[in-house]
Each structure stands twice: as C-alpha cells, then as structure tokens.
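Biologist: I have not looked at this one before. Can you walk me through it?

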Amino acid sequence: AARKGAFASAFVFTENTAIYNATDATAKKIKLEKPLNVLFIGDSLSDYYRGYNYIDRLAFWMNKYNPGKFTFRNAGIAGYTMQSMYRTIAKQPGARNLDRMKGLWDKKYDIIFIFLGHNDTVQNYGVKHEARPTQVEPSIKTWLPRLVGEIRKHSKARIVLISPASMDYDNCKKFAAKQKRPGRRYYLFGMPENLVPFCQGLKAFAGKSG
C-alpha cells in the first residue's frame, strides 16, 4: 500500500476498567436540557493529539448520554502563551496562525475554557545555564486581562480559567536534564516556584472579574 501512496492509521485508546466505569457513572448523571457549545482556548495540551485528547474524550462522555447535545471548537495552538493568544485573537500586527482562528466567533458559545500557562510559567535557562526571567507576572497582570477583554467583545459566554498544574514534574525534570549541555539553552516546565504564583494570580483575577 505504501508503494502506491496509500496510508491509513488508527488510534485505539485503552482505559483501566475501574476508571472507565467510574467515569461512565459520572457521565450518566449529567443531563443536558439543551445543547451546549464550548470553546477551548489553549496551548499544545489542547492542540496535540486531536481526535483523542482531553477535549475529544470529554465530548465522548458528554454525548454518550446526551447524544448530539455537546459540541465544541478546539482553538488550541501549540507553544502559545497568554500574550501570543491575545495577539492572534485580537489580530494584532505580527500575529501568527490567524488562519487557525477563522470564523472563531461565527457560533455562539455557552462556556469558554482558557487552559494556558504551561508556556507562561516555563523556566528558560541561557547558554551559561543561568535562569532567565519568566513570563508569570506580565502574563497575569497584562495579557490575561487583555485576552479576556478581547473575548468579551465577541461572546457573552461564561469564561472558566483552568490552572496549568504540572501533572508530572519528575518527568519534566528528567527531560530538562537531557537538554542541559555546555553552551546550550534548555528549559524546565512545571516548576512550583512559577506555577504557584501563576495559579494564585489566575484565581485572584477570576474573583475580581467574575
């Protein structure tokens, strides 16, 4: 088949039986009285593995007992921060990936999830392995308010901020250690020193802005 230019692939997701049954029991309790349309704004954690990432799995469970009532748009872009997402959605000069946002506001959303922060809190190290300033403070104080303000120009949907908690910091440290070589820049995701103040800032902003 490959010699003739044809190719096909399939992904089969397997789940622990106990986890599957527990999730199924939760999904069964959710009854949507009307259709729910959701927008997800995020980075690579939303952008990668489309078709079977956390967004698609959520859609599967929501629609299992509410057939056809849960729809969504995945506006995740790998590598994005609060700043780059704002610039793209606001169509700022020099913004990248504008084609990915085409028709973003053509439909009405009920909920908008913002799952950004992994790239805002990453710790970058220079060629001498010195720690570079992070984007934590400007992301929270400047770019998050601008991003939410831009979204509210187009939608009255409820906005939910998801904390970028590191799910596997030990592996992040192992990955960083492999990158750390003389004269080479490297980076480390999930540092509590960066994540904690970022998440505190998210919570404070959510409280102030409703």
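Modeller: One term to begin with: buried means under 20% relative accessible area, exposed over 50%, and partly exposed in between, with a 1.4 Å probe and protein chains only. This is a predicted model, where local features need pLDDT of at least 70 and side-chain atom pairs count only at pLDDT 80 or more, while totals for chains, interfaces and linings use all residues. Residues are numbered from 1 along each chain as its sequence is written, and side-chain values use heavy atoms, with hydrogens and water left out.

Biologist: How many helices and strands are in the protein chain?

Modeller: The protein chain has 7 helices and 6 strands. These are DSSP runs numbered from the N terminus: helices are H or I with at least four residues, strands E with at least two. In sequence order the pattern reads α-β-α-α-β-α-β-β-α-β-α-β-α.

Biologist: Is strand β3 enclosed or open?

Modeller: Strand β3 (residues 111-115) is largely enclosed by the rest of the structure, because 4 of its 5 residues are buried.

Biologist: Which strands does β3 run parallel to?

Modeller: Strand β1 (residues 36-42) runs parallel to β3, joined by 5 bridges. Strand β5 (residues 158-161) also runs parallel to β3, with 4 bridges. Two strands pair if DSSP finds at least two bridges between them.

Biologist: Changing topic, how many salt bridges does a search of the whole structure find?

Modeller: The search finds 8, where a salt bridge is a side-chain nitrogen of Lys or Arg within 4 Å of a carboxyl oxygen of Asp or Glu. One of them joins Asp 24 and Lys 64, at 2.7 Å from N to O. Asp 24 lies in helix α1 (residues 17-29) and Lys 64 in helix α3 (residues 54-64), so the pair ties together parts 40 residues apart in sequence.

Biologist: Are those two buried or exposed?

Modeller: Asp 24 is buried at 13% relative accessible area, and Lys 64 is partly exposed at 33%.

Biologist: Which residues are linked in a network of salt bridges?

Modeller: Asp 47, Arg 50 and Arg 100 are. Arg 50 is partly exposed, at 40%, while Asp 47 is buried, at 13%.

Biologist: And what about Glu 130 and Arg 132?

Modeller: Their side chains meet in a salt bridge of 3.3 Å, N to O. Glu 130 is partly exposed at 31%, and Arg 132 is partly exposed at 32%.
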